[in-house]
Amino acid sequence: MTDITLAPIQPDQPSHLMATYGRQAISFVRGRGAYLYTEDGTEYLDALTGIAVCGLGHAHPVIAEAIAEQAATLVHTSNLFEIPWQTAAAQKLAEVSGMEEIFFSNSGAESNEGAIKIARKFGTQQGVRLPKIIVAEQSFHGRTLATLSATGNKKVQDGFAPLVNDFIRVPFGDVEAIQEAALQHPDIVAILIEPIQGEGGINTAPQGFSYLEEVRNICNQHNWLMMLDEIQTGNGRTGKYFAYQHTNIVPDVLTTAKGLGNGFPVGAVMTQGKAVGLLGPGSHGSTYGGTVLGSRVVYTVIDTIQKENAVENAAVIGRYIVDQLRAKLADKNVQVRGFGMMIGIQLPKDCAELVAIARDQHKLIINVTAGSVVRLLPPINMTQAQADDLLERLVALINSYL
């Protein structure tokens with residue numbers, strides 16, 4: 001292997017990167033499982049996993065071996081040809097998702113773009129001239145122009161007007177608002193929602209997952225497509241392979257990414273039922289979607305999750321973390337919510353500064369979203385010992401803050 005050593009970046013050295021990220025002043029050079037390491041070997045417990053991406057932890061040996069072997073064999077041929085690994089990956093994903101057709105993309109935003117196109121195609125075939133899609137307040141669907149428009153966050157939309165039209169926004173979990181929208185807008189063709197709002201603060205609907213069942217009934221009533229954004233909640237994150245599997249319903253369109261590649265950039269938009277066949281040859285495509293390498297990664301990630309019983313582990317260890325946090329922080333006026341390894345701790349005040357305090361004083365990587373919610377997205381295969389390590393650091397952090 002070529003030995004390349006990067007020189008340390010000097011504080012006064014100019015950067016040629018666009019300043020689109022408010023980066024933390026730390027760099028990691030190695031990872032293993034639930035831990036990250038800096039150049040000097042300092043160890044950090046990673047309770048964020050690349051924002052719900054590395055569900056099987058860092059540098060998982062099975063995933064690393066598959067990437068290395070495939071990279072040395074064949075990386076890309078294009079979708080002009082049959083790709084056996086893509087076919088195999090689609091079969092695996094269909095088995096765990098309950099969906100029929102799968103299109104591989106490169107990201108969550110691209111997957112949601114595909115869902116939006118499917119909804120519009122469906123509406124057009126129904127004779128709707130200007131199809132509309134219901135979305136939720138406080139949602140997050142991506143940063144392309146269409147997914148940004150669907151997102152319920154004015155801050156991330158600022159400066160990018162005019163946005164894409166024909167999204168109808170309703171409060172998350174409000175079934176009556178959806179029914180009212182149906183009365184006011186006869187050209188609605190679909191609804192796009194997250195089972196749990198990740199960026200919005202680990203928000204669950206007031207009625208829990210039964211909200212999805214109510215939405216399914218409304219979609220059936222009005223002949224809409226039910227489209228679920230499981231970019232963050234999918235791939236075992238909530239203690240089911242997909243969050244909608246906490247119910248008995250199946251969506252018409254399902255999107256995912258993040259944990260699908262365990263760090264490798266890949267996403268998918270999936271269809272079943274009346275959404276099948278809406279996109280045909282020439283109506284959608286992607287140069288890098290479902291490459292040989294990407295498809296083998298997807299296959300290997302799903303296979304490894306299954307063999308390690310990681311979904312079941314996420315449910316058990318996630319419940320343990322939630323129960324322990326509720327018990328240990330019972331006197332701190334906090335609310336702990338979430339499913340599996342998708343956990344939010346709502347503090348009684350804004351707490352963005354906890355990210356730096358956790359990192360510098362407790363060697364713990366966390367995230368704060370929606371201003372006052374500490375977001376935890378640990379590996380779904382986290383062990384009991386690692387969970388106890390996380391609890392010790394996190395409880396000390398919050399106790400010292402409140």
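**Figure 1. Pro-162 sits in the loop between helix 6 (154-157) and strand 6 (167-170).** Helices (H or I, at least four residues) and strands (E, at least two) are DSSP runs, numbered from the N terminus. This is a predicted model, where local features need pLDDT of at least 70 and side-chain atom pairs count only at pLDDT 80 or more, while totals for chains, interfaces and linings use all residues. Residues are numbered from 1 along each chain as its sequence is written, and side-chain values use heavy atoms, with hydrogens and water left out. What kind of peptide bond joins Ala-161 and Pro-162? The bond is cis, with omega at about 0°. Most peptide bonds are trans, and most residues other than glycine have a negative phi.

**Figure 2. Thr-49 has a positive phi without being a glycine.** The angle is about 45°. Thr-49 belongs to helix 1, which covers residues 49-52. Is Thr-49 buried or exposed? Its relative accessibility is 0%, so Thr-49 counts as buried. Buried means under 20% relative accessible area, exposed means over 50%, and partly exposed lies in between (1.4 Å probe, protein chains only).

**Figure 3. Gln-138 also has a positive phi, near 65°.** Gln-138 is a residue other than glycine. Look for Gln-138 in the loop between strand 5 (132-136) and helix 5 (145-150). Its relative accessible area is 46%, so Gln-138 is partly exposed.

**Figure 4. Gly-41 lies in the loop between strand 2 (35-37) and strand 3 (43-46).** At 43% relative accessibility, Gly-41 is partly exposed. Now find Phe-28. How far apart in space are Gly-41 and Phe-28? The distance is 9.3 Å, C-alpha to C-alpha. In sequence, the two are 13 residues apart.

**Figure 5. Cys-54 is found in the loop between helix 1 and helix 2 (61-71).** Its relative accessibility is 11%, so Cys-54 is buried. Which residues does Cys-54 contact, leaving aside its neighbours within four places in sequence? They are Thr-49, Asn-262, Gly-263 and Pro-379. Contact means heavy atoms within 4.5 Å. Phe-81 is 27 residues from Cys-54 in sequence. In space, Cys-54 and Phe-81 are 30 Å apart, C-alpha to C-alpha.

**Figure 6. Cys-219 is a buried cysteine.** The relative accessible area of Cys-219 is 0%. A disulfide is a covalent bond between the sulfur atoms of two cysteines. The rule used here asks for a pair of cysteine sulfur atoms within 2.5 Å. How many disulfides does this rule give? The count is 0.

**Figure 7. The chain as a whole has 12 helices and 15 strands.** Its radius of gyration is 21 Å, close to the 21 Å from the globule rule for 402 residues, so the chain is as compact as a globular protein of that length. The radius is taken over C-alpha atoms, and the rule is 2.2 Å times the number of residues to the power 0.38. The C-alpha atoms fill a box of roughly 60 × 55 × 45 Å along the principal axes. Of the 402 residues, 52% are buried. Take the contacts between residues at least 6 apart in sequence: 71% join residues at least 24 apart.
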